[in-house]
Amino acid sequence: GIIKTRWNDKHVDNLVSGIKTALSECKVQEDNIFETSVPGAFELPIAAQFLALSGTVDAIICTGVLIKGDTMHFEYISDAVSKGIMNIGLNTRTPVIFGVLTCLTEAQVVARSTPGDGNHGYDWGKTAVEMALLRAEALGGTTVQAKVLKGMGFAEEKGKKDKKDTEKIFF
């Protein structure tokens, strides 16, 4: 599940594009990607909680951009959002990825969100798949996507049928 902010939407859309590129490389089908938006970063944790509690996704990527201004607003929002996102993951046992750029300048945002090698969204997409697979393995392989991805290079078992002689492959 991708939850994105509408604030700083140009940069956020670039990050989401990077996320989707990574998910595609991990063989996540586009039909299996849920995407929604919220007004701003402060709303990300509650939206992530709703999505996690729905039980319909294997991982959630909260995506947004915060740029420091002249007031303390940046610090308050950054702190609240990061703690909120972490708490949702811990309380629901659903991996929730912190995909919020917290930058001092717009130039820093551009360097981290422009399509290509520097796009942090790409890394967040890969992290979401890895954490979904880790959760599935820890909880007995119960997630839908994890079952689909097992035969596609992620947590693929190779070698003998005895579990202790299998090799796990992650990216």
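## Start at Lys-20

Select Lys-20, which counts as partly exposed because its relative accessibility is 34%. The model is a predicted one. Lys-20 forms a salt bridge with Glu-35, and the closest N and O atoms are 2.6 Å apart. This pair joins distant parts of the chain: Lys-20 sits in helix α1 (residues 9–25) and Glu-35 in strand β2 (residues 35–38), 15 residues apart. Glu-35 is also partly exposed, at 30% relative accessibility.

Together with Lys-20 and Glu-35, they are linked in a network of salt bridges.

## The whole chain

Zoom out and colour by secondary structure. The protein has six helices and six strands, and from the N terminus on the order of the elements is β-α-β-α-β-α-β-α-α-α-β-β. Colour by accessibility next: 42% of the 171 residues are buried.

Side chains of opposite charge can pair when their charged atoms come close.

Select Glu-75 and Lys-68. They form a salt bridge in which the closest N and O atoms are 2.8 Å apart. Glu-75 is partly exposed, with a relative accessible area of 29%, and Lys-68 is partly exposed as well, at 31%.

Then select Asp-79 and Lys-83, whose side chains meet in a salt bridge at 3.3 Å, N to O. Both residues lie in helix α3, four residues apart, which is about one turn of the helix. Asp-79 has a relative accessible area of 37%, so this residue counts as partly exposed.

Is Ile-19 buried or exposed? Its relative accessible area is 0%, so Ile-19 is buried, the limit being under 20%.

Show the surroundings of Ile-19. Apart from neighbours within four places in sequence, Ile-19 is in contact with Ile-2, Ile-61, Thr-63, Gly-121, Tyr-122, Trp-124 and Gly-125.

Next, select Ile-19, Leu-23, Ile-61, Val-65, Leu-101, Trp-124 and Val-129. Of the 20 residues in the largest nonpolar core, these touch the most other members. The elements that give two or more residues to this core are α1, β3, β4 and α5 (120–138). A second, separate core has 19 residues, among them Ala-52, Phe-74, Ile-85 and Val-96.

Stay with Leu-23 for a moment. Neighbours within four places in sequence aside, Leu-23 is in contact with Ile-2, Val-28, Ile-33, Gly-125 and Val-129.

## Thr-94

Select Thr-94, in the loop between α3 and β4 (96–103). At 4% relative accessibility, Thr-94 counts as buried. What does Thr-94 touch, not counting residues up to four places away in sequence? The residues are Ala-52, Asp-58, Ala-59, Ile-60, Gly-89 and Arg-135.

## The second largest pocket

For the last stop, turn on the pocket display. Rolling a probe the size of a water molecule over the atoms shows where empty space is left.

The second largest pocket has a volume of about 260 Å³. Select Trp-7, Val-65, Leu-66, His-73 and Ile-77: of the 17 residues that line this pocket, they are the closest to its centre. Val-65 was already in view, as one of the core residues that touch the most other members.

Which elements each supply at least two residues of the lining? They are β3 (60–67) and α3 (73–92). The largest share, four residues, comes from β3. Colour the lining by residue type to finish: the residues divide into eight nonpolar, seven polar and two charged.

Terms used: Residues are numbered from 1 along each chain as its sequence is written. This is a predicted model: local features need pLDDT of at least 70, side-chain atom pairs count only at pLDDT 80 or more; totals for chains, interfaces and linings use all residues. Side-chain values use heavy atoms; hydrogens and water are left out. On a 1 Å grid over the protein atoms alone, a cavity is a set of points where a 1.4 Å probe fits but cannot get out, and a pocket is an open set with protein on both sides within 12 Å along at least five of seven lines; lining residues have an atom within 4 Å of a point. Grid points are joined across faces, edges and corners, and a volume is the space filled by probe spheres set on the points. Ala, Val, Leu, Ile, Met, Phe, Trp, Tyr, Cys and Pro count as nonpolar, Asp, Glu, Lys and Arg as charged, and the others, Gly among them, as polar. A salt bridge is a side-chain nitrogen of Lys or Arg within 4 Å of a carboxyl oxygen of Asp or Glu. Buried means under 20% relative accessible area, exposed over 50%, partly exposed in between (1.4 Å probe, protein chains only). Contact means heavy atoms within 4.5 Å. A nonpolar core is a set of buried Ala, Val, Leu, Ile, Met, Phe, Trp, Tyr and Cys residues joined through side-chain atoms within 4.5 Å.
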